[in-house]
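These notes are set out as numbered points for a colleague who will want to check each value against the coordinates.

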Amino acid sequence: IDLSVTWLGQAMPGCLYNASGVWCREEEELEAVRASAAAAVVSKSATLAPRDGNPEPRYCQTPLGSINSMGLPNRGFDYYLDYARRYRYGSGKPLFLSLSGLSLDDNCAMLRALAEEGLPAVPEVNLSCPNVPGKPQLGYDFAATAEALDAFDAAYPGLYGVKLPPYFDPAHFAAMAEILNRHPRLAFVTCINSIGNGLVVDIDSEAVVIKPKDGLGGLGGDYVLPTALANVREFYRLLPGKDVVGCGGVKSGREAFMHILAGARAVQVGTCLYHEGPGAFARISSELAVLMRAKGYRSLDAFRGKLRTL
Ligand SMILES: O=C(O)c1[nH]c(=O)[nH]c(=O)c1I
């Protein structure tokens, strides 16, 4: 059974890696993911300056997944750039740097700095952080997204990707696709980020479960799987020549299989990784291989994007 993936002009030994934000803020975490059965590594979304993030409690696990309002806590761009300078690219596991600047200028400054280094690291620009109070998700503002992508093209000469929020309407899928398709070096989209501004209620305490934004936070886990699959399948259809990375609700080989069936080139794991740790990658990979063997598929290409309609 071959779980390898070739994209962005490089090969990955498998198809699974972490979702940005999970097990990737500190170098020790990044190295633990790289040393695991994960096929790639993506860093926590970086701002130019380090950030503490929102007040705690800001993450909560529920029976159906997670809610978070971390608020972009990160070590600052230079920390992750330094890690990228020392990263062992020879391991065959690509490094992605997630960038989530607080302004377009900051995103472009980080992209220019990364370009100057000439490193193999690939930027994944986050258009969808839902948890910085007062900062709307860029991906929900089509005009601002169009302007930003033009600026990214000018700031960065190489291939890059974007992390998209979930969309819930065919008109929005079409509007975003029209914008994204104007950018040939925008090589991939990662669908989806958390479903923003959910509210989890604890009936014993009769209170919300996280402190920021009076309890509003991004949802992950089982809550988001159908929405994630819809976004993967729609953008797989609407973005010819681009790759879609599936993210959302993956906790076993089954959901990884669903994402690839829907068109995903590779698959990220967030909520499940947060709780299980990097051992999750070996488990999910093995479950996926067992599923493929039972169905007679020898590689991901044999079923990628082959989701049947009725
Ligand atoms: O609150 C966060 O740090 C966060 N949380 C998310 O669920 N998605 C994001 O892109 C980010 I930047």
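1. Helix H2 (residues 77-86) packs against H3 at an angle of about 20 degrees, and their axes are 11 Å apart; the axes are lines fitted to C-alpha atoms, for helices over the stretch in contact, with angles running from 0 to 180 degrees between N-to-C directions. H2 and H3 are therefore roughly parallel to each other, a label given to angles under 35 degrees. The crossing of H2 and H3 is right-handed, that is, the near helix is turned clockwise from the far one by less than a right angle.

2. On the H2 side Phe77, Leu81 and Arg85 meet Met110, Ala113, Leu114 and Glu117 of H3, where contact means heavy atoms within 4.5 Å. This contact of H2 with H3 holds five nonpolar, no polar and two charged residues, with Ala, Val, Leu, Ile, Met, Phe, Trp, Tyr, Cys and Pro counted as nonpolar, Asp, Glu, Lys and Arg as charged, and the others, Gly among them, as polar.

3. On provenance, this is a predicted model, in which local features need pLDDT of at least 70 and side-chain atom pairs count only at pLDDT 80 or more, while totals for chains, interfaces and linings use all residues. Residues are numbered from 1 along each chain as its sequence is written, and side-chain values use heavy atoms, with hydrogens and water left out. Helices (H or I, at least four residues) and strands (E, at least two) are DSSP runs numbered from the N terminus.

4. The axes of H4 and helix H5 (residues 170-180) come within 10 Å and cross at roughly 20 degrees, and H4 and H5 are therefore roughly parallel to each other. Their crossing, too, is right-handed. Phe142, Thr145, Ala146 and Leu149 in H4 meet His172, Ala175, Met176, Ile179 and Leu180 in H5, a contact with seven nonpolar, two polar and no charged residues.

5. The largest pocket has a volume of about 780 Å³. A pocket here is an open set of points on a 1 Å grid over the protein atoms alone, where a 1.4 Å probe fits, with protein on both sides within 12 Å along at least five of seven lines, and lining residues have an atom within 4 Å of a point; the volume is the space filled by probe spheres set on the points, which are joined across faces, edges and corners. Of its 47 lining residues, the closest to the centre are Ser20, Val22, Asn68, Gly270 and Thr271. Among the elements that each supply at least two lining residues are strand S8 (122-126), strand S14 (216-221) and helix H8 (271-276). The lining divides into 18 nonpolar, 22 polar and seven charged residues.

6. The second largest pocket holds about 350 Å³ of space, and of the 20 residues that line this pocket, Gly101, Leu102, Lys135, Pro136 and Leu138 are the closest to its centre. Helices H3 (104-117) and H4 (142-155) each supply at least two residues of the lining, with H4 giving the largest share, three residues.

7. Asparagine 197, a residue other than glycine, has a positive phi near 55 degrees and is placed in strand S11.

Definitions and conventions. Parallel < 35°, antiparallel > 145°, perpendicular 65-115°, else oblique.
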